Amino acid sequence: MPPIDHDHLTRQTSGDAELARELLMLFAGQCHRLLSEIGDPARTRAERADLAHTLKGSALGIGAVSVAAASAMVEDALRSDGDPALAPLAGAVAAALRAIAEV
């Protein structure tokens with residue numbers, strides 16, 4: 001599956017290419033901010049889980065399914081006192097950001 005499902009994004013934006021670009025740029029900025037906050041050990045596990053949940057929702061909105069899946073795994077681990085595996089999330093975010101840069 002590609003990092004960004006452009007068919008999904010096109011459906012979400014009713015084919016408005018400018019809106020799609022705007023959403024992708026907003027998502028990219030959110031990825032940068034949230035990824036660092038999710039990994040911040042100064043934040044509580046609950047805060048970090050909430051941030052992962054936010055990233056998951058945003059990712060689903062634009063069709064970044066891999067980011068959403070990795071965010072869900074981090075969220076679940078944080079809510080269950082498990083060890084959140086941040087590397088898969090960072091990799092999925094990096095792939096999505098590369099795809100966004102190509103748009």
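The model is predicted, so local features need pLDDT of at least 70 and side-chain atom pairs count only at pLDDT 80 or more, while totals for chains, interfaces and linings use all residues. Residues are numbered from 1 along each chain as its sequence is written, and side-chain values use heavy atoms, without hydrogens and water.

With a relative accessibility of 4%, Thr13 counts as buried (under 20% relative accessible area; exposed is over 50% and partly exposed in between, with a 1.4 Å probe and protein chains only). Its side chain reaches the backbone oxygen of Leu9 at 2.9 Å. Beyond neighbours within four places in sequence, Thr13 is in contact with Leu19, Ala20 and Leu23, contact meaning heavy atoms within 4.5 Å.

Leu23 also belongs to the contact between H2 and H3, as does Thr54 of H3. The axes of H2 and H3 are 10 Å apart, at an angle of about 160 degrees (lines fitted to C-alpha atoms over the stretch in contact, with angles from 0 to 180 degrees between N-to-C directions). H2 is therefore roughly antiparallel to H3, the term for angles over 145 degrees.

Thr54 lies in helix H3 (residues 45-62) and is partly exposed, at a relative accessible area of 35%. Neighbours within four places in sequence aside, Thr54 is in contact with Gln30 and Leu34.

Terms used
Helices (H or I, at least four residues) and strands (E, at least two) are DSSP runs, numbered from the N terminus. A polar contact is a pair of N or O atoms within 3.5 Å; within protein, one must be able to donate a hydrogen and the other to accept it, and residues adjacent in sequence count only if both atoms are side-chain atoms. Angles under 35 degrees count as roughly parallel, over 145 as roughly antiparallel, 65 to 115 as roughly perpendicular and the rest as oblique.
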